[in-house]
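Here's a walk through the packing and pairing in one model, written for someone who likes to check angles and contacts. Have your viewer open as you read.

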Amino acid sequence: MEPTTWRLAAPRATDWRAWDDEIVVFHQTTGSTHHLSAFGSAVLMALLDHPSGLDVRALVRALESRADHDDRSSLAEDVRAALTTLAELKLVESVTA
Amino acid sequence: MIVASLPPGELRRRLRSSGLRVRLGPVAASIRSAFPVVASSMALHYGEHEVVEDDEFADFHVRVDAPFGVRRIVRRQAVFDFDGQVPFKPLPAAHGFALLEWGLNWCVSAHCHQFLMIHAAVVERGGRALVLPAPPGSGKSTLCAALVGRGWRLLSDELALVDLERVELVPIPRPISLKNDSIAAIGRFWPAASIGEPVYETVKGTIAHVAPPPPSVRSSGETARPAWIVLPQFRAGDELSLVPLSRAATFMQLVEAAFNYSVLGHRGFQVLASLVSSCACFRFNYGGDLGAAVRCFDEQLAMKG
């Protein structure tokens, strides 16, 4: 049961730069800048690639190939935790279908 | 005309009357002061700077003089006045030149939003700029002076001015401010350095200024391409190490060190990202061996070809 789709909260007001596997994100509405962990960056990048949004299951599929995430069993949990953090930063938002 | 070529007594006369106007890289300042220590220090540290004539524009009109009122009577004090504003508390009159230097830093950092401004030293060699952002006490100025003493061009000891269009470093060569033990350390390492009289018991301890080398002042119209961002940290006795730092982590350090990142908004993000993208980024620890420290950066330069 994953009725929730996640997407960028303000795609036109979000700018980012990626270096290696880390990114910094600038949120024009709040004026804040964030340095995301490699995993948080991967979640955000996946959402950047899918402007209409992804649910957790789709995000898990998109991130499964990451070599640095050995524990596949916890991947969904880690994605949810990353989404919660990104939502607190007002970078992503959930849309209930 | 440069300050050193003013006729005898003219520097003091201008400081006492309409103001001595000097070019400081991309800005001009009109400076007034009746304090002899300001006149002698201006002669020592700003001799190579271009004199701006009275009918030309000055970005900042500043004055270091005795305060009005009871403070003038109680003891000799100096206040920094900027267009009628007094942004700092008075200091002892003997600190007059240091107060002027701090005041000029403030003028630039609070007003020159045509640049992204970072609290950092900047030196250049072979057309490549090394940016040294760091908080006070990190050994930034000592390292900067050591590099300049071995031939690197001084762009600034305090203010990295990043051109918003070209993302190049704009020089604003002014005296290097040394504190406490670093004064003697640079005196030994760079015997030819022109170091002013120490000023004791300032809020930062004992300080002394090193005059910018004349070639650095003469080439203050030449911007430099950014090549390295290095966060220095001095700890007495530490082994020297130059360790790569991720660009994202470096970016966030520069956000903290920038004076006007927030003011510039999205433009600030874009310019800072371009700056970081164009540089190799490191954390640098050193423990007092200035010769080894300079060699380390000379080797980096050699590797860049």
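What follows covers the ground rules, then chain A, then chain B.

## Ground rules

This is a predicted model, where local features need pLDDT of at least 70 and side-chain atom pairs count only at pLDDT 80 or more, while totals for chains, interfaces and linings use all residues. Residues are numbered from 1 along each chain as its sequence is written, chains are lettered from A and ligands numbered from 1 in the order in which they are written, and side-chain values use heavy atoms, with hydrogens and water left out.

Helices (H or I, at least four residues) and strands (E, at least two) are DSSP runs, numbered from the N terminus.

## Confidence in chain A

pLDDT is the predictor's confidence in each residue, on a scale from 0 to 100. For chain A the mean pLDDT is 89, and 89% of its residues reach 70 or more.

## Helix packing in chain A

Two packed helices are described by the angle between their axes and the distance between the axes. The axes here are lines fitted to C-alpha atoms, for helices over the stretch in contact, and angles run from 0 to 180 degrees between N-to-C directions. In chain A, helix α1 (residues 38-49) and helix α2 (residues 56-63) have axes that come within 10 Å and cross at roughly 115°. That makes α1(A) roughly perpendicular to α2(A) (under 35 degrees counts as roughly parallel, over 145 as roughly antiparallel, 65 to 115 as roughly perpendicular and the rest as oblique). Contact means heavy atoms within 4.5 Å. On the α1(A) side the contact residues are A:F39, A:A42, A:V43, A:A46 and A:L47, and they meet A:L59, A:A62 and A:L63 in α2(A). By class, that contact of α1(A) with α2(A) has 8 nonpolar, no polar and no charged residues (Ala, Val, Leu, Ile, Met, Phe, Trp, Tyr, Cys and Pro count as nonpolar, Asp, Glu, Lys and Arg as charged, and the others, Gly among them, as polar).

How do α1(A) and α3(A) pack? Their axes are 10 Å apart and the angle is about 80°, so α1(A) and α3(A) are roughly perpendicular to each other. A:F39, A:G40, A:V43, A:L44 and A:L47 in α1(A) touch A:L75, A:D78, A:V79, A:A82, A:L83 and A:L86 in α3(A). This contact of α1(A) with α3(A) divides into 9 nonpolar, 1 polar and 1 charged.

Chain A has an open sheet of 3 strands in the order β5-β1-β6, with antiparallel pairing (two strands pair if DSSP finds at least two bridges between them). Its edge strands are β5 (54-55) and β6 of chain A, each pairing on one side only. Strand β1 (residues 4-8) of chain A runs antiparallel to β5(A), joined by 2 bridges, and A:T5 stands opposite A:D55 in β5(A).

A:K90 sits in the loop between α3 (75-88) and β6 of chain A. Its phi is near 65°, a positive value in a residue other than glycine.

## The chain B sheet

In chain B, 5 strands make an open sheet in the order β1-β2-β3-β4-β5, with mixed pairing. The edge strands, each pairing on one side only, are β1 (20-24) and β5 (91-92) of chain B. Helix α4 (residues 96-111) of chain B packs on this sheet, touching β1, β2 (27-33), β3, β4 and β5 of chain B, and its direction makes about 20° with that of β4(B).

Where does the mix show up? β2(B) and β3(B) run parallel and are joined by 5 bridges, with B:S30 opposite B:H61 in β3(B). Strand β3 (residues 60-65) and strand β4 (residues 77-82) of chain B instead pair in the antiparallel sense over 4 bridges. There, B:D65 stands opposite B:V79 in β4(B), and B:V64 has B:F80 as its bridge partner.

## Elsewhere in chain B

Helix α6 (residues 181-189) and helix α11 (residues 290-304) of chain B have axes that come within 11 Å and cross at roughly 70°. That makes α6(B) roughly perpendicular to α11(B). B:A185, B:I186 and B:F189 in α6(B) meet B:L290, B:G291 and B:V294 in α11(B); by class, the contact has 5 nonpolar, 1 polar and no charged residues.

B:E201 belongs to strand β12 (residues 199-202) of chain B. Although B:E201 is not a glycine, it has a positive phi of about 55°.
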